[in-house]
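Please look over the sequence and the three-dimensional structure shown below before reading on. The paragraphs after it are meant to be read with the structure open.

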Amino acid sequence: MAEILVLNGPNLARLGVREPEIYGHASYDDLVKQCQSWAAVLGHQAQVRQTDSEHELVGWLHEAADQNLPVILNAAAFTHYSYSIRDAIAQIKSPVIEVHISNPAAREDFRHQSVIAAVCVGAISGFGLHSYYLAIQAIDILLNNKK
Ligand code: DQA
(Lines give C-alpha, C1' and ligand atoms only; values in the text may rest on other atoms or scores of the structure.)
Protein backbone atom coordinates (compact mmCIF):
# COMPACT_ATOMS: atom_id res chain seq x y z
CA MET A 1 0.00 0.00 0.00
CA ALA A 2 1.36 3.40 -0.95
CA GLU A 3 0.24 6.88 -0.12
CA ILE A 4 0.10 8.83 -3.39
CA LEU A 5 0.03 12.64 -3.45
CA VAL A 6 -2.23 13.91 -6.23
CA LEU A 7 -1.36 17.59 -6.53
CA ASN A 8 -3.30 20.10 -8.58
CA GLY A 9 -2.28 23.62 -9.47
CA PRO A 10 -4.14 26.84 -10.25
CA ASN A 11 -7.73 26.96 -11.46
CA LEU A 12 -8.30 23.22 -11.09
CA ALA A 13 -10.72 23.72 -8.19
CA ARG A 14 -12.98 25.29 -10.84
CA LEU A 15 -13.46 22.06 -12.78
CA GLY A 16 -17.03 21.74 -13.99
CA VAL A 17 -17.54 25.50 -14.30
CA ARG A 18 -14.26 26.32 -16.03
CA GLU A 19 -14.32 25.98 -19.84
CA PRO A 20 -16.34 22.73 -19.74
CA GLU A 21 -15.86 22.24 -23.48
CA ILE A 22 -12.15 21.70 -22.69
CA TYR A 23 -12.11 20.32 -19.15
CA GLY A 24 -15.50 18.54 -19.00
CA HIS A 25 -18.45 18.80 -16.62
CA ALA A 26 -17.10 16.86 -13.64
CA SER A 27 -16.31 18.98 -10.57
CA TYR A 28 -13.12 19.07 -8.51
CA ASP A 29 -14.96 17.07 -5.81
CA ASP A 30 -15.72 14.42 -8.43
CA LEU A 31 -12.01 14.32 -9.28
CA VAL A 32 -11.10 13.85 -5.60
CA LYS A 33 -13.58 10.99 -5.16
CA GLN A 34 -12.56 9.29 -8.41
CA CYS A 35 -8.85 9.42 -7.55
CA GLN A 36 -9.49 8.02 -4.09
CA SER A 37 -11.52 5.11 -5.43
CA TRP A 38 -9.15 4.39 -8.36
CA ALA A 39 -6.24 4.26 -5.90
CA ALA A 40 -8.18 2.13 -3.39
CA VAL A 41 -8.90 -0.53 -6.04
CA LEU A 42 -5.14 -1.00 -6.37
CA GLY A 43 -4.67 -0.97 -2.59
CA HIS A 44 -3.28 2.56 -2.43
CA GLN A 45 -4.39 5.74 -0.73
CA ALA A 46 -4.64 8.98 -2.72
CA GLN A 47 -4.28 12.31 -0.95
CA VAL A 48 -5.72 14.83 -3.37
CA ARG A 49 -4.91 18.53 -2.97
CA GLN A 50 -5.36 21.72 -4.97
CA THR A 51 -3.79 25.15 -4.67
CA ASP A 52 -3.65 28.34 -6.67
CA SER A 53 -0.36 29.20 -4.96
CA GLU A 54 3.08 28.33 -6.37
CA HIS A 55 4.53 28.69 -2.88
CA GLU A 56 2.15 26.10 -1.44
CA LEU A 57 2.73 23.68 -4.32
CA VAL A 58 6.52 23.92 -3.87
CA GLY A 59 6.01 23.12 -0.16
CA TRP A 60 3.96 20.00 -0.99
CA LEU A 61 6.67 18.85 -3.42
CA HIS A 62 9.27 19.28 -0.64
CA GLU A 63 7.02 17.11 1.56
CA ALA A 64 7.02 14.42 -1.17
CA ALA A 65 10.82 14.64 -1.37
CA ASP A 66 11.27 14.39 2.42
CA GLN A 67 8.75 11.56 2.88
CA ASN A 68 9.53 9.68 -0.35
CA LEU A 69 5.96 9.89 -1.60
CA PRO A 70 5.01 9.18 -5.22
CA VAL A 71 3.32 12.15 -6.90
CA ILE A 72 0.76 12.67 -9.63
CA LEU A 73 1.06 16.32 -10.60
CA ASN A 74 -1.23 18.48 -12.66
CA ALA A 75 0.76 21.69 -12.35
CA ALA A 76 -1.81 23.43 -14.62
CA ALA A 77 -0.41 26.71 -16.03
CA PHE A 78 2.74 26.37 -13.86
CA THR A 79 3.69 23.49 -16.19
CA HIS A 80 4.58 25.98 -18.87
CA TYR A 81 6.78 28.43 -16.98
CA SER A 82 7.56 27.59 -13.35
CA TYR A 83 11.24 26.81 -12.79
CA SER A 84 10.64 26.68 -9.03
CA ILE A 85 8.15 23.81 -9.51
CA ARG A 86 10.67 22.13 -11.81
CA ASP A 87 13.47 22.48 -9.26
CA ALA A 88 11.23 21.13 -6.46
CA ILE A 89 10.32 18.05 -8.54
CA ALA A 90 14.01 17.43 -9.28
CA GLN A 91 14.55 16.77 -5.54
CA ILE A 92 12.02 13.91 -5.42
CA LYS A 93 13.41 10.36 -5.66
CA SER A 94 10.02 8.62 -5.83
CA PRO A 95 8.12 8.66 -9.16
CA VAL A 96 6.48 11.92 -10.27
CA ILE A 97 4.02 11.73 -13.17
CA GLU A 98 2.86 14.82 -15.06
CA VAL A 99 -0.84 14.76 -15.92
CA HIS A 100 -3.17 17.00 -17.89
CA ILE A 101 -6.90 16.73 -18.45
CA SER A 102 -6.65 18.28 -21.90
CA ASN A 103 -3.93 17.66 -24.48
CA PRO A 104 -1.71 20.77 -24.26
CA ALA A 105 0.10 19.78 -27.48
CA ALA A 106 -3.16 20.28 -29.40
CA ARG A 107 -3.80 23.74 -27.92
CA GLU A 108 -2.18 27.21 -27.95
CA ASP A 109 1.57 27.43 -28.64
CA PHE A 110 2.41 28.55 -25.09
CA ARG A 111 1.04 25.23 -23.80
CA HIS A 112 3.38 23.18 -26.01
CA GLN A 113 6.30 23.69 -23.67
CA SER A 114 6.47 21.84 -20.37
CA VAL A 115 9.34 22.99 -18.15
CA ILE A 116 8.63 20.06 -15.79
CA ALA A 117 8.55 17.17 -18.29
CA ALA A 118 12.27 16.43 -18.08
CA VAL A 119 12.18 15.88 -14.31
CA CYS A 120 9.06 13.65 -14.35
CA VAL A 121 9.03 9.92 -15.15
CA GLY A 122 6.51 10.57 -17.92
CA ALA A 123 3.38 12.47 -18.87
CA ILE A 124 -0.26 11.49 -19.45
CA SER A 125 -2.44 14.06 -21.22
CA GLY A 126 -5.69 14.36 -23.07
CA PHE A 127 -7.87 11.69 -21.45
CA GLY A 128 -10.05 13.94 -19.30
CA LEU A 129 -10.20 12.84 -15.66
CA HIS A 130 -9.04 9.42 -16.84
CA SER A 131 -5.55 10.92 -17.23
CA TYR A 132 -5.41 10.59 -13.42
CA TYR A 133 -6.69 7.00 -13.60
CA LEU A 134 -3.88 6.12 -16.02
CA ALA A 135 -1.34 7.91 -13.83
CA ILE A 136 -2.46 5.93 -10.76
CA GLN A 137 -2.02 2.74 -12.79
CA ALA A 138 1.45 3.96 -13.84
CA ILE A 139 2.46 4.66 -10.23
CA ASP A 140 1.27 1.16 -9.27
CA ILE A 141 3.34 -0.36 -12.09
CA LEU A 142 6.43 1.62 -11.08
CA LEU A 143 6.11 0.83 -7.37
CA ASN A 144 5.59 -2.87 -8.05
CA ASN A 145 8.45 -3.00 -10.55
CA LYS A 146 6.11 -4.27 -13.26
CA LYS A 147 7.70 -1.89 -15.78
C1 DQA B 1 -4.06 21.68 -17.79
C2 DQA B 1 -3.49 22.28 -19.09
C3 DQA B 1 -2.77 23.59 -18.82
O4 DQA B 1 -2.27 24.13 -20.03
C5 DQA B 1 -3.73 24.59 -18.22
O6 DQA B 1 -3.06 25.77 -17.87
C7 DQA B 1 -4.50 24.05 -17.06
C8 DQA B 1 -4.96 22.67 -17.08
C9 DQA B 1 -4.87 20.41 -18.05
O10 DQA B 1 -5.12 19.68 -17.10
O11 DQA B 1 -5.30 20.16 -19.18
O12 DQA B 1 -4.82 24.78 -16.13
O13 DQA B 1 -2.97 21.34 -16.94
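What follows moves from the nonpolar cores to the ligand, then to the salt bridges, and ends with a few individual residues. The model is a predicted one, and the values given here should be read with that in mind.

In soluble globular proteins, nonpolar side chains tend to be buried together. Here the largest nonpolar core comprises 25 residues, and Val 6, Cys 35, Ile 72 and Tyr 132 are those with the most contacts inside it. Two or more residues of this core come from each of strand E1 (3-8), helix H2 (28-41), E2, strand E4 (96-100) and helix H5 (130-143), with H2 giving the most, namely six residues. Ile 72 illustrates how such a residue is surrounded: once residues up to four places away in sequence are set aside, Ile 72 touches Ile 4, Leu 5, Val 6 and Leu 7, together with Ile 97 and Val 99, and also Tyr 132, Ala 135, Ile 136 and Ile 139. Another core, of 21 residues, lies apart from the largest one and includes Ala 64, Ala 65, Phe 78 and Ile 85.

From the cores we turn to the ligand. Which residues are found around the ligand? They are Arg 18, Tyr 23, Asn 74, Ala 76, Ala 77, His 80, His 100, Ile 101, Ser 102 and Arg 111. Among them, His 80 places a polar side-chain atom 2.7 Å from an oxygen atom of the ligand, and for a polar side-chain atom of His 100 the distance to an oxygen atom of the ligand is likewise given as 2.7 Å. Arg 111 has a side-chain N or O atom that is 2.9 Å from an oxygen atom of the ligand. On its own the ligand has 320 Å² of accessible area, and the protein covers 99% of this.

Most residues other than glycine have a negative phi, and most peptide bonds are trans. Ala 76, although not a glycine, has a positive phi of about 50 degrees; it is placed in the loop between strand E3 (71-74) and helix H4 (83-89), and with a relative accessible area of 11% it is buried, because the limit for that class is under 20%. Glu 19 is also not a glycine and has a positive phi of about 30 degrees. Glu 19 is in the loop between E1 and helix H1 (20-23), and at a relative accessible area of 35% Glu 19 is partly exposed.

Side chains of opposite charge can pair when their charged atoms come close. The count of salt bridges in this model comes to four. In one of them Arg 111 is joined to Glu 108, with the closest N and O atoms 2.6 Å apart, while Glu 108 also forms a salt bridge with Arg 107, where the closest N and O atoms are 3.8 Å apart.

Arg 49 counts as buried at 14% relative accessibility, whereas Glu 63 counts as partly exposed at 24%.

Ala 88, in helix H4, is buried with a relative accessible area of 1%. Beyond residues up to four places away in sequence, Ala 88 touches Val 58, Leu 61 and His 62, and its C-alpha atom is separated by 17 Å from that of Arg 49, which lies 39 residues away along the chain. His 44 is placed in the loop between H2 and E2 and is buried, with a relative accessible area of 10%. Leaving aside neighbours within four places in sequence, His 44 is in contact with Met 1, Ala 2, Ile 4, Ala 39 and Asp 140.

How values were computed: Residues are numbered from 1 along each chain as its sequence is written. This is a predicted model: local features need pLDDT of at least 70, side-chain atom pairs count only at pLDDT 80 or more; totals for chains, interfaces and linings use all residues. Side-chain values use heavy atoms; hydrogens and water are left out. A salt bridge is a side-chain nitrogen of Lys or Arg within 4 Å of a carboxyl oxygen of Asp or Glu. Buried means under 20% relative accessible area, exposed over 50%, partly exposed in between (1.4 Å probe, protein chains only). A nonpolar core is a set of buried Ala, Val, Leu, Ile, Met, Phe, Trp, Tyr and Cys residues joined through side-chain atoms within 4.5 Å. Helices (H or I, at least four residues) and strands (E, at least two) are DSSP runs, numbered from the N terminus. Contact means heavy atoms within 4.5 Å. A residue is near a molecule or strand if one of its heavy atoms lies within 4 Å of it. A polar contact is a pair of N or O atoms within 3.5 Å; within protein, one must be able to donate a hydrogen and the other to accept it, and residues adjacent in sequence count only if both atoms are side-chain atoms. Accessible areas come from the Shrake-Rupley method with a 1.4 Å probe; for residues, only the protein chains shown count as cover.
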